[in-house]
Protein chains: 2
Amino acid sequence: MQPLVIDPGQVAEKFRAELRIEIARLPERLKLVGLLVADHGPSRTYAEYTQKGCDDVGVQFDLQAVPRLGVEPAIRAANADPGVHGVLIYYPVFGTEQDGYLRDLVDSNKDIEGLHSFWARCLYENRRFYDAAQKKKSILPCTPLAVLKLLEAAGALDANAKAPLAGRRVCVFNRSEVVGRPLAAMLSNDGAEVVSFDIDGPLLFVPGRAGLAHEVRETTIDRRTALAAADIVITGVPSREFERIRGDEIREDTVCLNFSTRANYDDSAVQKARVFIPRVGPMTVTMALRNTLRLYQNSRL
Amino acid sequence: MQPLVIDPGQVAEKFRAELRIEIARLPERLKLVGLLVADHGPSRTYAEYTQKGCDDVGVQFDLQAVPRLGVEPAIRAANADPGVHGVLIYYPVFGTEQDGYLRDLVDSNKDIEGLHSFWARCLYENRRFYDAAQKKKSILPCTPLAVLKLLEAAGALDANAKAPLAGRRVCVFNRSEVVGRPLAAMLSNDGAEVVSFDIDGPLLFVPGRAGLAHEVRETTIDRRTALAAADIVITGVPSREFERIRGDEIREDTVCLNFSTRANYDDSAVQKARVFIPRVGPMTVTMALRNTLRLYQNSRL
């Protein structure tokens with residue numbers, strides 16, 4: 001039986017249709033600033049995707065080509081400009097830890113990618129709102145959020161339930177600060193038990209009690225055991241060294257998703273899975289646009 | 001002529017003598033919490049230095065051995081405890097970008113190492129005070145601060161001047177987020193022109209106009225030219241690949257300092273320099289203790 005292959009572009013289009021309507025109703029035109037240093041490669045591609053996404057939903061996009069030393073002043077200018085509603089930086093800028101400094105320099109209220117440490121803390125502490133009145137919904141990082149929305153489209157979670165992933169077992173291969181670790185935390189905050197694999201070894205993310213944040217535990221589980229138990233497998237491994245996941249390692253009812261640009265699944269796994277989601281790209285930009293709308297709405301609450 | 005070799009232990013003792021008196025006068029006993037994961041190597045050594053430093057100046061030190069997953073809850077507990085005045089984390093904990101998350105999780109008012117992004121922003125923006133009344137002095141990261149105090153002890157700067165390093169040329173080999181980059185910024189905020197070398201190439205830090213923050217510029221200057229012009233040379237290169245600085249590369253009136261544990265100067269340079277400062281260790285702990293006192297005093301302003 002062929003797996004159901006989900007096209008993230010189609011799922012993105014559904015979200016964009018809604019965004020288009022809501023954005024058109026706003027009293028002012030939303031504007032994003034994009035800061036691009038390397039005018040080629042993945043950064044350029046992501047910037048082009050952003051341009052298309054903005055055009056598609058009616059958001060103004062001011063893409064600025066800047067030298068690396070121009071990024072910091074450009075962030076300060078965008079932070080200070082009330083006409084700018086969101087800032088996107090196309091990393092790497094310096095390609096060192098200094099990029100972390102830039103990431104936190106963006107005003108968290110304009111951080112539509114949800115990468116600021118303020119949003120990270122909300123996520124890891126499972127604070128779904130960030131105001132005392134519990135009206136302003138916290139911003140989630142756009143790639144992990146895209147993954148969750150794609151899992152929902154695959155019928156792998158029940159978005160209306162209190163714990164949409166209760167009882168589900170998930171394997172995530174990647175524990176980066178940008179995608180893998182926040183993703184594992186979000187999945188377990190939503191009820192899943194998550195085995196997070198990385199070159200540093202596995203960690204277990206388990207749901208917290210009654211709305212509390214997830215807990216993280218050491219584990220010695222191996223890949224074979226974790227995959228055999230997994231309802232959902234998520235990969236994002238950019239390395240050549242990674243041994244692609246094979247059909248004999250997963251179950252027939254597994255939902256498999258890859259957010260890396262490198263193939264992380266062997267054909268035998270792609271054929272055996274119930275659902276295969278080969279990429280998330282268009283959904284990431286769409287979630288950034290959704291975050292833009294949410295931050296604008298929050299600013300007026 | 002033999003160079004003047006400065007013993008950081010002696011300089012530290014002068015600061016500790018002052019600290020001892022001021023700390024004894026406080027209405028309560030200062031208490032630090034140290035979180036140690038790896039019970040061996042440089043972390044253990046630094047923790048032992050902290051213990052000695054605390055004993056020496058009359059600060060209580062609660063050194064806690066914790067597993068890596070215990071660091072986050074221990075930080076939250078220390079943040080919440082009004083009896084704890086400072087928190088030290090002995091990195092690496094995870095050894096990944098996740099350590100950056102932990103670093104910013106420490107309450108900036110208890111971050112006696114001055115590593116929090118709040119303090120980094122004060123430093124890079126040259127904001128010497130962080131309250132509207134301009135009474136609360138900003139905290140500086142303890143290793144770069146130790147370097148500045150050692151340069152002062154070497155007679156290489158005039159601490160009472162408005163721009164203590166005006167007209168001085170400095171070379172810094174290391175541009176890490178923890179030491180080299182903040183150090184270059186501090187030196188140029190104090191008037192120096194700094195060539196910052198790193199594997200990513202050189203950058204030029206120049207003083208800002210009239211109290212404004214320094215500016216950073218691209219440069220193509222090479223090591224030979226920069227060293228020949230340098231009044232002060234500072235190294236912190238942990239790599240074997242680094243070609244040690246030789247006597248023929250520096251001037252006879254140069255002040256040389258090494259904050260790495262690896263020898264970064266050839267004997268010919270050590271012999272030729274006017275002043276040689278071989279390490280900073282004891283001063284780093286002392287500056288952390290000084291920051292503890294300052295944060296306590298700030299909290300009561």
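I looked up what the buried residues of α6(B) pack against, and found α1 (8–24), α7 (180–189), β9 (232–235), β10 (255–258), β11 (275–277) and α10 (281–299) of chain B; helices (H or I, at least four residues) and strands (E, at least two) are DSSP runs, numbered from the N terminus. I note that this is a predicted model, in which local features need pLDDT of at least 70, side-chain atom pairs count only at pLDDT 80 or more, and totals for chains, interfaces and linings use all residues. Residues are numbered from 1 along each chain as its sequence is written, and chains are lettered from A and ligands numbered from 1 in the order in which they are written.

I then checked burial (20 or more other C-beta atoms within 10 Å of a residue's own, C-beta atoms being placed from the backbone): 11 of the 12 residues of α6(B) are buried, so the helix is largely enclosed by the rest of the structure. Among them are B:Cys142, B:Pro144, B:Lys149 and B:Ala153. Just after α6(B), I found B:Gly155 with a positive phi of about 75 degrees.

Turning to the interface, I found 15 residues of chain A in contact with 15 residues of chain B, contact meaning C-beta atoms, placed from the backbone, within 7 Å. On the side of chain A that touches chain B, α4(A) gives the most, with four residues. I also noted that 100% of the interface residues of chain A are interface residues in chain B too, so the copies meet through the same surface.

Notes
Contact = placed C-beta atoms within 7 Å.
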